[in-house]
Amino acid sequence: MARIQISDLVKRYGRAEVIHGIDLEITDGEFVVLVGPSGCGKSTTLRMIAGLEDISGGEIRIGDRVVNNMPPKNRNIAMVFQNYAIYPHLTLRKNIGFGLHTSPLSKAEKDRKISEVAELLGLTPYLERRPAALSGGQRQRVAIGRAMVRDPQAFLFDEPLSNLDAQLRAQMRIEIKELHNRLGTTIVYVTHDQVEAMTMADRIVVMRDGHILQTGTPMEIYDHPKDVFTARFIGTPSMNILTVTEADGRFMADANGAALIGIRPQELHLGQNGAAAFAATGTVTVVETLGPETLVHFRPEASAKALIATAAPHDIPTVGATITAQAAPGSLHLFDPQTEVSLGRR
């Protein structure tokens, strides 16, 4: 395992600077997820850690070594890509063992390592098959196995589940997390999918336009986002963001309001029960029935934006109906209307 330290890291393509002096420390054995929209710089950062992109400024340290000018093969890291990058003409055994081709280990030792990795990943019955005979999830396991067999200091994952369907993605999320729990190896994982980030990470790093906006555990970021972008990006469905006016300690939706608040759909409930810090009445536009809960999209009378509220599983309003939804004290996120920086919770 290894600690990874990034200090004042900069990346430029010609005159265009795409990574703007970021700092990040990843501890031994930590599972860190870099998350953000396309173009935020997360994959570029990962490729600089791997040595696949040159560094324009700053320093990357893996373990006790500065690796700025070190070739990828000398960094003792392993990378798993989105497109698997496995060889279609080789059996799984040869694909998994490909990274050991130039190793000084004996053939018996290489075979032992391949067998151990295959057993850990549930691939033992398929070792003599070629990739064409496997599912997408099995192919991704082969790519992970090829990385594992080298015993690297750290694993780097670049959106490895993007090509899988929803069910396989959910399965592979669990398998990768279980694998980390068993091996304890440092993992840096890049994704645009905040569900992957929330369910897998020890710590999430939210990136935008080449900057790190916030770093923290999944629940720290979910409960205390530092700005509107992070608040909307982390959480499903996205946080409701709207302008409001305040009267008698209660906020009301107002398109011309002077205050900016955020409410998670899970905190905005249909009905009028008990004390409320926010309330809105509007017309239902869409209803999403999910089983355990129902998401109700409605447009408040005094707001330019539609909101999403949560209803009980069988409390399903009809489209066009007028409803009232409210949020309890402590569930509102206040933001500065100019800077969109968090002002805390109310």
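**A buried phenylalanine and the sheets around it**

Phenylalanine 31 counts as buried, at 0% relative accessibility (buried means under 20% relative accessible area, exposed over 50% and partly exposed in between, with a 1.4 Å probe and protein chains only). The model is predicted, so local features need pLDDT of at least 70 and side-chain atom pairs count only at pLDDT 80 or more, while totals for chains, interfaces and linings use all residues. Residues are numbered from 1 along each chain as its sequence is written, and side-chain values use heavy atoms, with hydrogens and water left out.

Phenylalanine 31 lies in strand β3; helices (H or I, at least four residues) and strands (E, at least two) are DSSP runs, numbered from the N terminus. Leaving aside neighbours within four places in sequence, phenylalanine 31 is in contact with Ile176, Lys177, His180, Ile187, Tyr189, Met200, Ala201, Asp202 and Arg203, where contact means heavy atoms within 4.5 Å. A separation of 10 Å is found between the C-alpha atoms of phenylalanine 31 and leucine 156, which are 125 residues apart along the chain.

Turning to the protein as a whole, the secondary structure comes to eight helices and 20 strands. The C-alpha atoms fill a box of roughly 75 × 45 × 30 Å, taken along the principal axes. Of the 346 residues, 49% count as buried. Among contacts with a separation of 6 or more, 65% are accounted for by residues 24 or more positions apart.

Strand β3 belongs to an open sheet of six strands, in the order β6-β7-β8-β3-β9-β10 and with mixed pairing; two strands pair if DSSP finds at least two bridges between them. At the edges stand β6 (77-80) and β10 (211-216), each with a single partner strand, so one side of each is left without a neighbour in the sheet. On average, neighbouring strands of this sheet are turned by 15° against each other, direction ignored. (Axes are lines fitted to C-alpha atoms, for helices over the stretch in contact, and angles run from 0 to 180 degrees between N-to-C directions.) Strands of a sheet pair through backbone hydrogen bonds, either parallel or antiparallel. Here, β3 (residues 31-35) and β9 (residues 203-208) run parallel and are joined by four bridges. Valine 35 has valine 206 in β9 as its bridge partner.

Helix α1 (residues 42-50) lies across β3, β6, β7 (154-158), β8 (186-191) and β9, and runs at about 150° to β7. Helix α4 also packs on the sheet, where it touches β6 and β7, and its direction makes about 170° with that of β6.

Helix α4 has a helical partner as well. The axes of α4 (residues 136-148) and α5 (residues 166-183) come within 11 Å and cross at roughly 20°. The two helices are therefore roughly parallel to each other (angles under 35 degrees count as roughly parallel, over 145 as roughly antiparallel, 65 to 115 as roughly perpendicular and the rest as oblique). From α4, the contact is made by Gly137, Gln140, Arg141, Ile144 and Met148, and from α5 by Leu168, Gln171, Met172, Glu175, Ile176, Leu179 and Leu183. By class, this contact has seven nonpolar, three polar and two charged residues; Ala, Val, Leu, Ile, Met, Phe, Trp, Tyr, Cys and Pro count as nonpolar, Asp, Glu, Lys and Arg as charged, and the others, Gly among them, as polar.

An open sheet of four strands has the order β2-β1-β4-β5 and antiparallel pairing. Its edge strands, β2 (16-26) and β5, each pair on one side only. Five bridges link β1 with β4 (residues 57-62) in the antiparallel sense, and glutamine 5 stands opposite arginine 61 in β4. Helix α1 packs on this sheet too, touching β1, β2 and β4, with its direction at about 115° to that of β1.

Most residues other than glycine have a negative phi, and most peptide bonds are trans. Aspartate 8, placed in strand β1 (residues 4-13), has a positive phi near 50° and is partly exposed, with a relative accessible area of 47%. Asparagine 76, in the loop between β5 (65-66) and β6, has a positive phi near 55° and is partly exposed at 30% relative accessibility. The peptide bond from threonine 236 to proline 237 is cis, with omega near -10°, and proline 237 lies in the loop between α8 (228-233) and β11 (240-247).
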